[in-house]
Amino acid sequence: MRLYSKLSSLVHTSQPLNPKIHLCSSTFLSSSSTTATQNPVPHIVTKCIALLQFWASSISKLRQIHAFSIRHGVPLNNPDMGKHLIFTIVSFSAPMSYAYHVFAVLHDPNVFTWNTMIRGYAESDDPSPALHFYRKMSVSCVDPDTHTYPFLLKAVAKSLNVREGEAIHSITVRKGFESLVFVQNGLLHMYAVCGDTESAHKVFESMVERDIVAWNSVINGFALNGRPSEALTLFREMNMEGLEPDGFTVVSLLSACAELGALELGRRVHVFLLKVGLTQNMHVNNSLLDFYAKCGSIREAKQVFGEMRERNVVSFTSLIVGLAVNGFGEEALEFFKEMEEQRVKPSEITFVGVLYACSHCGMLNEGFNYFRRMKDEYGIMPRIEHYGCMVDLLSRAGLVKQAYEYIQNMPMQPNSVIWRTLLGACTIHGHLGLGEIARSHLLKLEPKHSGDYVLLSNIYAAERRWSDVQTVRRSMLEDGVRKTPGYSMVELGNRVYEFTMGDRSHPQSKDVYALLEKITELLKLEGYVPHTANVLADIEEEEKEQALSYHSEKVAIAFMILNTPPGTPIRVTKNLRVCADCHMAIKLISKVYDREIVIRDRSRFHHFRDGSCSCKDYW
Ligand code: ZN
Ligand code: ZN
């Protein structure tokens with residue numbers, strides 16, 4: 001009866017009405033041919049539209065109203081009815097096939113209806129028909145209006161089709177829509193999502209009016225596309241313009257800070273979160289936890305984890321992976337036990353963390369045990385990443401031959417990561433024959449990866465096959481492979497500073513190099529010999545250090561020693577693996593200068609303290 005009372009209240013407010021219809025619910029529920037023959041269509045259409053607007057609270061009710069309209073003789077091609085039907089279908093995210101059936105028979109749909117179809121596709125799982133509809137619209141001589149483009153751009157962004165996006169951009173310019181805020185937001189979002197941060201930023205710069213949506217799009221665009229410094233610079237500008245960030249801004253910022261290793265900046269974001277009360281939000285907390293773990297501040301990561309009221313598999317996984325890569329394997333496994341006790345089901349990624357922990361702690365049997373339990377107890381089919389961890393586990397334990405056998409018995413094709421792990425193990429444990437096999441596989445999979453040339457030339461160097469070293473280096477030059485230049489980042493005050501090898505661009509560089517020379521002298525007193533002899537343990541990713549041309553992490557550390565009070569911990573983020581020479585030197589620096597030094601390199605964290613490193617020289 002609730003249905004009827006709603007219906008009748010509606011009926012009493014809408015006029016003019018066909019008396020036969022507003023009488024009782026039975027008219028509504030059963031077909032009435034008499035009403036149809038008395039040409040009631042305009043009234044029924046009005047009524048049906050009202051029903052759609054006020055009564056349709058679900059897809060099934062929507063279908064009832066649709067059926068009702070048909071029974072009462074509303075023609076299927078009535079554009080007014082069609083327009084409201086499609087709008088309601090799209091608002092409920094009902095299947096677009098339904099909207100299409102309604103649309104296909106409509107007589108002369110207007111621009112609103114076309115726009116609604118485009119919006120529906122843009123918001124659906126398959127946005128591609130949106131573009132098709134846009135083209136059909138032009139053919140049907142319906143002029144797109146200002147509302148068409150934001151939906152269309154949304155669809156393009158979703159299908160990551162930046163070429164189409166550019167074409168639409170030039171159309172909006174021609175039509176003079178380019179200066180409208182919501183068109184600009186659409187363009188900005190599209191470019192940012194498609195990874196064209198330059199164009200996104202250009203659109204942003206041209207905007208006269210920038211709302212929080214625009215700021216979030218451009219900040220997120222930079223954060224997601226490997227340009228974290230720009231993301232943070234924009235955040236500061238946003239603050240200066242007096243705009244308050246929201247949850248979306250915060251998650252983007254934390255991921256940018258995590259990538260840069262900008263601990264201080266991230267901490268300030270944390271303070272902001274506490275101030276505005278966003279710390280109740282589990283997603284925000286998860287990204288905070290992930291940020292601290294990626295910056296190597298495990299203490300704070302654990303603190304965030306401890307204070308969370310609600311934890312899910314993502315929270316546990318972030319902490320377990322964070323502990324594992326920071327060299328706290330045992331603790332990672334303890335948290336995994338806690339996770340099991342609390343009956344939180346681990347994911348595939350949790351097990352990557354668990355196996356990584358076993359591998360980096362040299363826990364061979366435990367690793368195999370967890371691998372078995374993952375399949376048997378949790379029904380997780382091992383992926384290539386898990387097999388990669390197992391190869392790493394065997395390789396690090398020095399069981400190079402077993403690692404190779406393991407690769408041969410894998411149920412899937414090994415990828416380049418796995419062959420590179422084996423190649424690395426062959427270099428460290430001096431196994432030339434297997435090293436060449438691994439390299440030949442790598443050549444087939446990734447012919448231009450510079451790291452592999454470097455690895456192989458090290459194996460040859462270790463065996464003193466100097467002519468082979470020359471051959472590899474020559475083919476490297478001929479193939480146009482260049483080493484990735486190494487760089488290190490540190491955070492000081494409100495800024496992130498980046499250094500390259502032998503960097504002298506900084507105003508303080510004179511003092512920095514004077515200090516580096518002094519450090520070398522001090523280290524010599526501590527028994528430090530520049531590392532050149534032991535190529536076996538040295539998978540170099542960078543050129544060897546020349547005199548007075550130090551690797552970027554040393555420059556960065558000297559810069560921080562100069563600019564921070566004694567005892568302040570130093571954190572460095574480096575894009576390549578730390579070389580053996582720097583590793584040894586930094587161990588001694590941590591002792592001589594009594595500083596805790598944390599380096600996040602390409603593969604793991606090193607926590608240096610009092611002359612030793614958390615990786616136990618095993619990385
Ligand atoms: Zn180095
Ligand atoms: Zn280390």
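This is a predicted model: local features need pLDDT of at least 70, side-chain atom pairs count only at pLDDT 80 or more; totals for chains, interfaces and linings use all residues.
In the model, local features need pLDDT of at least 70 and side-chain atom pairs count only at pLDDT 80 or more, while totals for chains, interfaces and linings use all residues. Residues are numbered from 1 along each chain as its sequence is written, chains are lettered from A and ligands numbered from 1 in the order in which they are written, and side-chain values use heavy atoms, with hydrogens and water left out.

**Overall fold**

- The protein chain has 33 helices and 6 strands, taken as DSSP runs numbered from the N terminus (helices: H or I, at least four residues; strands: E, at least two).
- Of the 619 residues in the protein chain, 52% are buried; buried means under 20% relative accessible area, exposed over 50% and partly exposed in between, with a 1.4 Å probe and protein chains only.
- Among contacts in the protein chain with a separation of 6 or more, 65% are between residues 24 or more positions apart, a contact being heavy atoms within 4.5 Å.

**Aromatic pairs and charges over rings**

- The count of aromatic pairs is 22; rings of Phe, Tyr and Trp (its six-membered ring) pair if their centres lie within 6.5 Å, and planes under 30 degrees apart count as stacked, over 60 as edge-to-face and the rest as tilted.
- Y149 and F177 form a tilted pair, because their ring planes stand at 50 degrees, with the centres 5.7 Å apart.
- This pair links distant parts of the chain, 28 residues apart: Y149 belongs to helix α11 (residues 148–158), and F177 to the loop between α12 (162–175) and α13 (181–193).
- Both partners are buried, Y149 with a relative accessible area of 0% and F177 at 15%.
- One aromatic cluster is formed by Y100, F103, W114, Y121 and F133.
- K83 lies over the face of F112, 5.2 Å from the ring centre; a charge sits over a ring if NZ of Lys or CZ of Arg is within 6 Å of the ring centre and within 35 degrees of the ring normal.
- R504 has its charged end over the ring of Y513, at 4.0 Å from the centre.

**Zinc site**

- The zinc ion (ligand 1) has H551 (ND1), C579 (SG) and C582 (SG) as protein donors, at 1.9 to 2.3 Å.
- Donors are N, O and S atoms within 2.8 Å of the metal (3.2 Å for Na, K and Ca), and water is not among the atoms, so sites may look incomplete.
- The donor residues follow the spacing H-x27-C-x2-C in sequence.
- H551 lies in the loop between α31 (509–525) and α32 (552–563), whereas C579, 28 residues apart from it, lies in the loop between β3 (570–574) and α33 (580–592).
- H551 is buried at 0% relative accessible area, and C579 is buried at 3%.

**Loop residue S603**

- S603 sits in the loop between β4 (597–600) and β5 (605–609) and is partly exposed, with a relative accessible area of 33%.
- Leaving aside residues up to four places away in sequence, S603 touches Y356 and R577.
- The C-alpha atoms of S603 and R577 are separated by 6.5 Å, with the two residues 26 apart along the chain.

**Cavities**

- The structure holds 2 cavities of 30 Å³ or more.
- On a 1 Å grid over the protein atoms alone, a cavity is a set of points where a 1.4 Å probe fits but cannot get out, and lining residues have an atom within 4 Å of a point.
- Grid points are joined across faces, edges and corners, and a volume is the space filled by probe spheres set on the points.
- The largest cavity contains about 50 Å³ of space.
- Its lining consists of G261, K294, C295, R571, V572, T573, V598, I599, R600 and F605.
- β3 and β4 are the elements that give two or more residues to the lining of the largest cavity.

Methods. On a 1 Å grid over the protein atoms alone, a cavity is a set of points where a 1.4 Å probe fits but cannot get out, and a pocket is an open set with protein on both sides within 12 Å along at least five of seven lines; lining residues have an atom within 4 Å of a point.
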